[in-house]
Amino acid sequence: MNSQGQWLLRKLAVRYCQHGGSSRGMREFIRSPEFIKFAEKNPQIEVTAEKLNGKHPACIGTYINAPYEPTIWPVRNYEPKEILDVIQQMRDRDGGKVKKYKKPIYTVNESIQGIWEAGKTASVHFTFEDKIVGDAK
């Protein structure tokens, strides 16, 4: 869901093989009531199951903001609970590519002076021995 409350996932296709061992979890998930409950709770998503023999299982999502670039999430040897988590993550994300930030702080306006740090503002540095508690008379 984006910031305006609009769901961005439009189509979700779950692909599996009828005979393959890596598709066992996907076949169990499609037969389970969780798959039907997910489709009923999310009427904004067109959910389909595709049987492609000889292919590993995958969840394929098509988003509004990237209609020609589907997101493919391979789920080989996943359990049905893990596949449900993957489908919910696909529903909740925005469909954009994951960005890796190379700097520790990302900003539009770079500072000439650098990043502010708390210890650099004091002009005089004291140590424990330099600290005067009071007059010793």
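Author: Contact here means heavy atoms within 4.5 Å. The model is predicted. By that cut-off, Ser23 touches Tyr16, Cys17, Lys55 and Pro57, leaving aside residues up to four places away in sequence. Ser23 itself sits in the loop between S1 and H1.

Reader: Why is Ser23 called buried?

Author: The relative accessibility of Ser23 is 0%. Buried means under 20%, so Ser23 counts as buried.

Reader: What makes Ile72 exposed?

Author: Ile72 has a relative accessible area of 53%. The cut-off for exposed is over 50%, so Ile72 is exposed. Ile72 lies in strand S4 and touches Ala58, Cys59 and Ile60, again without residues up to four places away in sequence. Ile72 and Met90 are 18 residues apart in sequence, with their C-alpha atoms 9.7 Å apart in space.

Reader: How many helices and strands does the protein have, and in what order do the elements run?

Author: The protein has 3 helices and 4 strands. From the N terminus on, the order is β-α-α-β-β-β-α. Buried residues make up 26% of its 137 residues. Of the contacts between residues at least 6 apart in sequence, 69% join residues at least 24 apart.

Reader: Why are H1 and H3 called roughly perpendicular?

Author: Helix H1 (residues 24-31) and helix H3 (residues 80-92) pack at an angle of about 75°. Angles of 65 to 115 degrees count as roughly perpendicular, and H1 and H3 are therefore roughly perpendicular to each other. Their axes are 8 Å apart. H1 contributes Gly25, Met26, Glu28 and Phe29 to the contact, and H3 contributes Pro80, Ile83, Leu84 and Ile87.

Reader: How do the residues of the contact of H1 with H3 divide into nonpolar, polar and charged?

Author: The contact of H1 with H3 has 6 nonpolar residues, 1 polar and 1 charged. Gly counts as polar and Glu as charged.

Reader: Which residues of H1 are buried, and what do the buried residues of H1 pack against?

Author: Gly25, Met26, Arg27 and Phe29 are buried in H1. The buried residues of H1 pack against strand S1 (9-16), helix H2 (33-41), strand S3 (58-63) and H3.

Reader: Which residues in the largest nonpolar core touch the most other members?

Author: That core has 18 residues, and those touching the most other members are Leu12, Met26, Phe29, Cys59, Ile83 and Ile87. The elements giving two or more residues are S1, H1, H2, S3 and H3. H3 gives the most, with 5 residues. Ile83 touches Gly25, Met26, Phe29, Cys59, Val75 and Tyr78, not counting residues up to four places away in sequence.

Reader: How do you know that Arg24 forms a salt bridge with Glu79?

Author: The closest N and O atoms of Arg24 and Glu79 are 3.3 Å apart. A salt bridge requires the nitrogen to be within 4 Å of the carboxyl oxygen, so Arg24 and Glu79 qualify. Arg24 is in helix H1 and Glu79 in the loop between strand S4 (71-74) and H3, 55 residues apart, and the pair links distant parts of the chain. Arg24, at 39% relative accessibility, counts as partly exposed; Glu79, at 36%, is partly exposed too. Arg24, Glu28 and Glu79 are linked in a network of salt bridges. The whole structure has 4 salt bridges.

Reader: Why are Lys81 and Asp85 said to be separated by about one helical turn?

Author: Lys81 and Asp85 are 4 residues apart in helix H3, which means a separation of about one helical turn. An α-helix has 3.6 residues a turn, so residues three or four places apart point the same way. The closest N and O atoms of the Lys81–Asp85 salt bridge are 3.5 Å apart. Lys81, with a relative accessible area of 56%, is exposed, whereas Asp85, at 31%, counts as partly exposed.

Reader: What makes Arg91 buried and Asp92 partly exposed?

Author: Arg91 has a relative accessibility of 17% and Asp92 a relative accessible area of 41%. Buried means under 20%, exposed over 50%, and partly exposed in between, so Arg91 counts as buried and Asp92 as partly exposed. Arg91 forms a salt bridge with Asp92, their closest N and O atoms being 2.9 Å apart.

Technical notes:
Residues are numbered from 1 along each chain as its sequence is written. This is a predicted model: local features need pLDDT of at least 70, side-chain atom pairs count only at pLDDT 80 or more; totals for chains, interfaces and linings use all residues. Side-chain values use heavy atoms; hydrogens and water are left out. Axes are lines fitted to C-alpha atoms, for helices over the stretch in contact, and angles run from 0 to 180 degrees between N-to-C directions. Angles under 35 degrees count as roughly parallel, over 145 as roughly antiparallel, 65 to 115 as roughly perpendicular and the rest as oblique. Buried means under 20% relative accessible area, exposed over 50%, partly exposed in between (1.4 Å probe, protein chains only). A salt bridge is a side-chain nitrogen of Lys or Arg within 4 Å of a carboxyl oxygen of Asp or Glu. A nonpolar core is a set of buried Ala, Val, Leu, Ile, Met, Phe, Trp, Tyr and Cys residues joined through side-chain atoms within 4.5 Å.
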